[in-house]
Amino acid sequence: IVVLSGLSYGVRSAIERTMRANLESELTTMLDIEVAMLRSWAKTQTSNAESLANDARVREHVYRLLQVVDDDAAPALDTNRLTPAEPLDRKLISQQLRHVLGPAMTSHDYHGYFIAARSTEILAASDTELIGRRDVKAYDDFLRRAFDGATVVCPPFLSVAAIDNERGERQSSSPTMFV
């Protein structure tokens, strides 16, 4: 009985160690794959954001918005190139920007955007509730890094404005990320 008990304990311990090692190996592999997928996703989002930000039409509308608010950081805008049908009107420029960004937002399955001046005032946004706000603390770190020239994928945080959920209902405090 003592020999059989000792033998069964040894076999059981060996099987348990083997199972733990296999499970650890599988979990480590899954973690590595998930990390690689997340890095690839973040790189794609960064590339998409840079591509949109470098689009000449988007840049022109953003420069025009900055010109309207007379932001010190606004790049010089050649207003001689503007036709009379293109006045420096904030609402009109925001609508034009929304029209330019629309196809890209849809194709990348993005749900919103905002344009902020260095003063952190939100000049244009897909959600009009945000326009004109400066007090959005959730955006501070993200904006500071973006204004320093970095393309940033921010960590998830609770939304400041109400956004549509999967049922199409407006809901605040939903998980949100910006690039």
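The largest cavity in this predicted model has a volume of about 40 Å³. A cavity here is a set of points, on a 1 Å grid over the protein atoms alone, where a 1.4 Å probe fits but cannot get out. Grid points are joined across faces, edges and corners, and the volume is the space filled by probe spheres set on the points. By this rule, the count is 1 cavity of 30 Å³ or more.

Who lines the largest cavity? The residues are Thr-120, Ile-122, Arg-133, Arg-134, Val-136, Tyr-139, Asp-140 and Leu-143, where lining means having an atom within 4 Å of a point. By class, that lining splits into 4 nonpolar, 1 polar and 3 charged residues. For the classes, Ala, Val, Leu, Ile, Met, Phe, Trp, Tyr, Cys and Pro count as nonpolar, Asp, Glu, Lys and Arg as charged, and the others, Gly among them, as polar.

A quick word on ground rules. Residues are numbered from 1 along each chain as its sequence is written, and side-chain values use heavy atoms, with hydrogens and water left out. Since the model is predicted, local features need pLDDT of at least 70 and side-chain atom pairs count only at pLDDT 80 or more, while totals for chains, interfaces and linings use all residues.

Now for the overall layout. The protein chain holds 4 helices and 6 strands, and from the N terminus on they run α-α-α-β-β-α-β-β-β-β. These elements are DSSP runs numbered from the N terminus: helices are H or I with at least four residues, strands are E with at least two. Of the 179 residues in the chain, 27% are buried, with buried meaning under 20% relative accessible area, exposed over 50%, and partly exposed in between (1.4 Å probe, protein chains only). Among contacts (heavy atoms within 4.5 Å) with a separation of 6 or more, 44% are between residues 24 or more positions apart.

Helix H2 covers residues 56-68, which makes 13 residues. From first C-alpha to last, H2 reaches 18 Å, close to the 18 Å expected at 1.5 Å a residue; that expected span is 1.5 Å times one less than the number of residues. Val-58, His-61, Val-62, Arg-64, Leu-65 and Leu-66 are buried in H2. An α-helix has 3.6 residues a turn, so residues three or four places apart point the same way. The cover over the buried residues of H2 includes helix H1 (2-53), helix H3 (90-107), strand E1 (114-116) and strand E2 (122-125). Where H2 starts, a side-chain oxygen of Asp-55 comes to within 2.8 Å of the backbone nitrogen of Arg-57.

Next stop: Tyr-110, in the loop between H3 and E1. Leaving out residues up to four places away in sequence, Tyr-110 touches Gln-45, Asn-48, Leu-52 and Met-105. Tyr-110 and Phe-178 sit 68 residues apart in sequence, yet 9.5 Å apart in space, C-alpha to C-alpha. Is Gln-45 buried or exposed? Gln-45 counts as buried, because its relative accessible area is 9%.

Here are some side-chain polar contacts, meaning pairs of N or O atoms within 3.5 Å; within protein, one must be able to donate a hydrogen and the other to accept it, and residues adjacent in sequence count only if both atoms are side-chain atoms.

| Side chain | Partner side chain | Distance |
|---|---|---|
| Tyr-110 | Gln-45 | 2.7 Å |
| Tyr-110 | Asn-48 | 3.3 Å |
| Arg-167 | Glu-169 | 3.3 Å |

Arg-167 lies in the loop between strand E4 (163-164) and E5, and it counts as exposed because its relative accessible area is 58%. In strand E5 (residues 170-171) you'll find Gln-171, which is partly exposed at 35% relative accessibility. Apart from neighbours within four places in sequence, Gln-171 is in contact with Ser-159, Ala-161, Ala-162, Ile-163 and Asn-165.

Most residues other than glycine have a negative phi. Thr-120 isn't a glycine, but has a positive phi of about 70°. Thr-120, one of the cavity-lining residues, is in the loop between E1 and E2 and is partly exposed, with a relative accessible area of 22%. Ser-173 also has a positive phi, near 60°, and is a residue other than glycine. Ser-173 sits in the loop between E5 and strand E6 (175-176), and its 42% relative accessibility makes it partly exposed.

Definitions and conventions
On a 1 Å grid over the protein atoms alone, a cavity is a set of points where a 1.4 Å probe fits but cannot get out, and a pocket is an open set with protein on both sides within 12 Å along at least five of seven lines; lining residues have an atom within 4 Å of a point.
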